[in-house]
Amino acid sequence: MKSPTFLAAGTLALVLGSGLFGVTGALAQDFPSKPLKMIVPQPPGGGFDLTGRVVAQRLAEVLGQPVLVENRTGAGTLVGTDAAAKAAADGYTLLVGGFSNIAANVGLYKKLPYDPLVDFVPIGMVSTVGYVLISRKDLPQTSLREIIDYARANPGKLTYASGGVGTGQHIAGAVLGGVTGTNLLHIPYRGAQAAYQDLLSGRVDLFFDNASTAKGYVDSGQVKSFAISTAARWTGLPQVPTVNETGVAKMELEAWFGIFTRAGTPPAILERLRTAMTQVMNTPEVANALGRTGNRILKMPPAEAEAFVKHEVLTWSAEIRKAGISAE
């Protein structure tokens, strides 16, 4: 009678590890076997939507499966982002994450239904873009200094739009008010398109919008432009000075966008997605589609992207709390 065969601990680990590698390898080979969903936590017409649709189209070609864009709106960016945080960690649900829903919301809300540093991992950063301060066409003021002087003399009289509470547009307007010591009245809308409807009709005074969507309205003369929040002027609107150049205040703020998925996604699937995103971001068509609307392409390896996101969350949540800006 043969005696029982016992495996040394190291041999057993090797056997189990080999089996696990086979399972995860099979996952990577089979993924994706069905369409993916990309959640855009804002309505059509803004920076989130532009990012999602440009990336989704090319990502579908690389992965060989449709990537369906879903505009999941509500409560600024909370509803869509929370839906992505509660999705299965299987790589089939992606999220357009950005400055507002990943970084700013941590400082804006005392209690978020999700934790961006715990619930999500970046599969690839996409772009960054400045905010342009624009106004209704018939606003009497002709410079940022005149706007701020009027706002100081008439607290709460000037209104500024945003695509929703907690969006980057909201933060940009609130930061401008904070650094200039003025009381600007925030009017949140359900997305950029709704905000533009009231701006063009004269029902709201100001809008600190992404350069990518503001440019068309500025070029067509439908709105007036005053300043951009970037460190240097943007070549797409060379006539628009930076906030710093106006001498009214020091302010540098840019919106950024990336594609995220659930933390806990199997490493082999996460690697597959990251490899696909690298291919997407190296595609000239993507760079051209985003670049012509004012976006600066971001290319970062995974470790650098994770460090960037962590820095943005910690920095801006602290700055927003210090400034006393709240969405509640």
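## Surface patch

Leu 117, Val 118 and Leu 314 together form a nonpolar patch on the surface, with about 270 Å² of accessible area (Shrake-Rupley method, 1.4 Å probe; patch residues have over 30% relative accessible area and no salt bridge, nonpolar side chains being joined within 5 Å). Of these residues, Leu 314 lies in helix α13, residues 302-323 (helices are DSSP runs of H or I with at least four residues, and strands runs of E with at least two, numbered from the N terminus).

The model is predicted, so that local features need pLDDT of at least 70 and side-chain atom pairs count only at pLDDT 80 or more, whereas totals for chains, interfaces and linings use all residues. Residues are numbered from 1 along each chain as its sequence is written, and side-chain values use heavy atoms, with hydrogens and water left out.

## Salt bridges

The count of salt bridges comes to 13 (a side-chain nitrogen of Lys or Arg within 4 Å of a carboxyl oxygen of Asp or Glu).

## A cis peptide bond

Most peptide bonds are trans. The bond from Phe 31 to Pro 32, however, is cis, with omega near -5°, and Pro 32 is placed in the loop between α1 (9-30) and β1.

Key:
Patch = residues over 30% accessible without salt bridge, like charges linked within 9 Å, V, L, I, M, F, W, Y side chains within 5 Å.
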